[in-house]
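My entries follow in the order I made them.

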Amino acid sequence: MLHVTIRVRARLEAHWARWFEPLALRETATGETILSGELPDQAALYGLLARLRDLGLTLIAVETENSGAPA
């Protein structure tokens, strides 16, 4: 599993949460959104990044950390 934290320069409303499952969405006081949680692998991360790109969102940061044995 891969733990990811992604920060984008936009406020994503609650209805987007389902589109980004299994990640949790959290808004910051500065108008950004943080998506965080576990993804099965790097391919899933690339798919998620493609969704963010397709929405035209500005990517601020991506942090990953392996949270278990390699797949």
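**Entry 1: rings**

I began with a charge over a ring: the charged end of Arg51 sits over the ring of Trp19, 5.2 Å from its centre. For this I require NZ of Lys or CZ of Arg within 6 Å of the ring centre and within 35 degrees of the ring normal.

A note on the source: this is a predicted model, so I take local features only at pLDDT of at least 70 and side-chain atom pairs only at pLDDT 80 or more, while totals for chains, interfaces and linings use all residues. Residues are numbered from 1 along each chain as its sequence is written, and side-chain values use heavy atoms, with hydrogens and water left out.

I then searched the whole structure for aromatic pairs and found two. Trp19 and Phe20 form an edge-to-face pair, 5.4 Å centre to centre with 80 degrees between the planes. My rule pairs rings of Phe, Tyr and Trp (its six-membered ring) if their centres lie within 6.5 Å; planes under 30 degrees apart are stacked, over 60 edge-to-face, the rest tilted. Trp16, Trp19 and Phe20 make up one aromatic cluster.

How accessible is Phe20, buried or exposed? Phe20 is buried, at 0% relative accessible area. Trp19 is partly exposed, at 36%. I call a residue buried under 20% relative accessible area, exposed over 50%, and partly exposed in between (1.4 Å probe, protein chains only).

**Entry 2: salt bridges**

How many salt bridges are there? I count three, taking a side-chain nitrogen of Lys or Arg within 4 Å of a carboxyl oxygen of Asp or Glu.

Arg7 and Glu32 meet at 2.8 Å, N to O. Arg7 lies in strand E1 (residues 2-8) and Glu32 in the loop between strand E2 (24-27) and strand E3 (33-39), so the pair ties together parts that are 25 residues apart in sequence. I use DSSP runs here: helices (H or I) need at least four residues, strands (E) at least two, and numbering starts from the N terminus. Glu32 is buried at 14% relative accessibility. Arg7 is partly exposed at 29%.

Arg11 and Glu27 form another salt bridge, at 3.6 Å, N to O. This pair also links distant parts of the chain: Arg11 is in the loop between E1 and E2, Glu27 is in strand E2, and they are 16 residues apart. Arg11 is partly exposed at 48%. Glu27 is partly exposed at 43%.

Arg53 bridges to Asp54, with the closest N and O atoms 2.9 Å apart. Both Arg53 and Asp54 are exposed.

**Entry 3: Thr33**

I looked up Thr33 next, in strand E3. Thr33 is buried, with 0% relative accessible area. A polar atom of the Thr33 side chain lies 2.6 Å from the backbone oxygen of Ala10. Beyond four places in sequence, Thr33 touches several residues, including Ile6, Leu12 and Leu25. I count a contact when heavy atoms are within 4.5 Å.

**Entry 4: strands**

What is the bridge partner of Glu27 in E3? It is Thr33. E2 and E3 run antiparallel, joined by four bridges. I call two strands paired if DSSP finds at least two bridges between them. E2 and E3 form a hairpin with five residues between them, and Gly31 in the turn has a positive phi of about 85 degrees.

E1 and E3 also run antiparallel, over seven bridges. His3 has Glu38 as its bridge partner in E3. Seven bridges pair E1 with strand E4 (residues 59-66), again in the antiparallel sense. There, Val4 is partnered by Thr64.

I checked the two faces of E1. Leu2, Val4, Ile6 and Val8 form the covered face; His3, Thr5 and Arg7 form the uncovered one. In a regular strand, side chains alternate between the two faces of the sheet.

**Entry 5: the cis bond**

Which peptide bond is cis? I noted the one from Glu21 to Pro22, with omega near 15 degrees. Pro22 lies in the loop between E1 and E2. Pro22 is exposed, at 56% relative accessibility. Leaving aside neighbours within four places in sequence, Pro22 contacts Glu38 and Leu39. Pro22 and Glu38 are 16 residues apart in sequence and 7.0 Å apart in space, C-alpha to C-alpha.

Methods. A polar contact is a pair of N or O atoms within 3.5 Å; within protein, one must be able to donate a hydrogen and the other to accept it, and residues adjacent in sequence count only if both atoms are side-chain atoms.
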